[in-house]
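Please read these notes alongside the sequence and the model. They are numbered so that each can be answered separately.

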Amino acid sequence: MHAQNQSLLDALNACIAACEHCATACLQEQDVQMMARCISIDRDCADICAITARFVARGSEHAMHVMRECAEICGICATECEKHGAHMQHCKECAEACRRCEQACRAAMNSAA
């Protein structure tokens with residue numbers, strides 16, 4: 001089970017790291033208040049990716065449910081970070097990681113269906 005899900009687990013873990021980095025970097029920006037939504041969504045995204053990785057790694061019967069949520073929240077996070085990506089490298093990198101994770105979750109759901 002683990003080996004067949006390695007690329008999904010890699011995408012989830014990369015997204016966690018990117019979101020955590022982005023949230024921390026956003027806290028260092030000049031106008032932190034402007035970044036409040038980005039920080040909040042980064043944290044939500046990192047958390048759903050972490051729980052999804054755990055469910056996938058253990059082969060939980062509920063993995064599909066959390067993957068669906070994970071894909072949705074990754075898409076929301078990517079969209080938010082894309083708003084700032086032109087002038088903030090950490091948001092650009094986070095958006096890219098979120099899109100990859102969203103796609104990986106959707107691909108895993110489609111292959112299991």
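1. Taking a disulfide as a pair of cysteine sulfur atoms within 2.5 Å, the count is zero disulfides. Cys 49 is in none; its nearest cysteine sulfur belongs to Cys 70 and is 3.7 Å away. Cys 91 is in no disulfide either, with the sulfur of Cys 22 nearest at 3.7 Å.

2. Cys 49 is buried, at a relative accessible area of 0%. Cys 91 is buried as well, with a relative accessible area of 0%. Buried means under 20% relative accessible area, exposed over 50%, and partly exposed in between (1.4 Å probe, protein chains only).

3. On the basis of the work: this is a predicted model, in which local features need pLDDT of at least 70, side-chain atom pairs count only at pLDDT 80 or more, and totals for chains, interfaces and linings use all residues. Residues are numbered from 1 along each chain as its sequence is written, and side-chain values use heavy atoms, with hydrogens and water left out.

4. Helix H2 covers residues 36-58, which is 23 residues, and spans 34 Å from first C-alpha to last, close to the expected 33 Å. The expected span is 1.5 Å times one less than the number of residues. Helices here are DSSP runs (H or I, at least four residues), numbered from the N terminus. Just after H2, Gly 59 has a positive phi of about 70°.

5. Helix H3 (residues 63-84) packs on helix H4 (residues 89-112) at about 155°, with the axes 8 Å apart. H3 is therefore roughly antiparallel to H4, a term for angles over 145 degrees.

Terms used:
Helices (H or I, at least four residues) and strands (E, at least two) are DSSP runs, numbered from the N terminus. Axes are lines fitted to C-alpha atoms, for helices over the stretch in contact, and angles run from 0 to 180 degrees between N-to-C directions. Angles under 35 degrees count as roughly parallel, over 145 as roughly antiparallel, 65 to 115 as roughly perpendicular and the rest as oblique.
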